[in-house]
Amino acid sequence: MHVFQECPIEMLDCNPFTKIGKEWALVTAGTKEKANTMTISWGGMGVLWSKNVVYVFIRDSRYTKELIDKDEFFSLTFLDEKYRRELSYCGSHSGRNEDKISNAGLSVGSKHGVPYIDEGNLVFLCHKLSATRITEESFISPEIKEKWYTDGDMHTMYVAEIIEVLAR
């Protein structure tokens, strides 16, 4: 078990384009006893509805989506580059049929009942505010469907308030 400290959100100094798009993150949902995680590289951070938020995109087919849809909370965990293999594993295996977290060599921590990946160095505990399913009709540029959705496996965009930041 690693030691995290609360970090005031105003003290964060990170580039969301790098943090999410290049370094990736793990979105974790469920309970400490029955959590699942998946790698994300699409999303962002900002202010919406006068709240500090993250937004993430999760495909319909993902097991983690079922857990996020069931609960109000999830976490985003950012890890050091040395965990790239584990991030890749969590992005290419389903927790529906295996204990993906354990098989990736990771472990689950929890705060306020929200599970997160304990090996991280930065954790956002998130309260879900909205879920918007992306549809073909919402695309203004037809190449989006052609490039990203030929199989019809669409995304839902979740917007969540960052209720607490934990850092090492």
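I'll start with one lysine: Lys19 counts as buried, because its relative accessibility is 15% and the cut-off for buried is under 20%. Keep in mind that this is a predicted model.

Lys19 sits in helix α1, which covers residues 16–19. What does the side chain of Lys19 make a polar contact with? The partner is the side chain of Glu23, at 3.2 Å. If we leave aside neighbours within four places in sequence, Lys19 is in contact with Cys14, Trp24, Met45, Phe78 and Leu122.

Next, helix α3, residues 84–92. Its buried residues are Glu86, Leu87, Tyr89 and Cys90. They span an arc of only 160° around the axis, so they lie on the same side of α3. On the face turned away from that buried side we find the exposed residues Arg85 and Ser92. What do the buried residues of α3 pack against? They pack against strand β2 (25–30), strand β3 and helix α4 (100–103).

Strand β3 comes up again in the last item, the largest pocket. Its volume is about 210 Å³. Both β3, residues 35–40, and β5, residues 51–59, supply at least two residues each to the lining. The lining consists of Met38, Thr39, Ile40, Ser41, Trp42, Phe57, Ile58, Arg59, Arg62, Gly91 and His155. By class, the lining has five nonpolar, four polar and two charged residues.

Key:
Residues are numbered from 1 along each chain as its sequence is written. This is a predicted model: local features need pLDDT of at least 70, side-chain atom pairs count only at pLDDT 80 or more; totals for chains, interfaces and linings use all residues. Side-chain values use heavy atoms; hydrogens and water are left out. On a 1 Å grid over the protein atoms alone, a cavity is a set of points where a 1.4 Å probe fits but cannot get out, and a pocket is an open set with protein on both sides within 12 Å along at least five of seven lines; lining residues have an atom within 4 Å of a point. Grid points are joined across faces, edges and corners, and a volume is the space filled by probe spheres set on the points. Helices (H or I, at least four residues) and strands (E, at least two) are DSSP runs, numbered from the N terminus. Ala, Val, Leu, Ile, Met, Phe, Trp, Tyr, Cys and Pro count as nonpolar, Asp, Glu, Lys and Arg as charged, and the others, Gly among them, as polar. Buried means under 20% relative accessible area, exposed over 50%, partly exposed in between (1.4 Å probe, protein chains only). A polar contact is a pair of N or O atoms within 3.5 Å; within protein, one must be able to donate a hydrogen and the other to accept it, and residues adjacent in sequence count only if both atoms are side-chain atoms. Contact means heavy atoms within 4.5 Å. The arc is that of the directions from the helix axis to the C-beta atoms.
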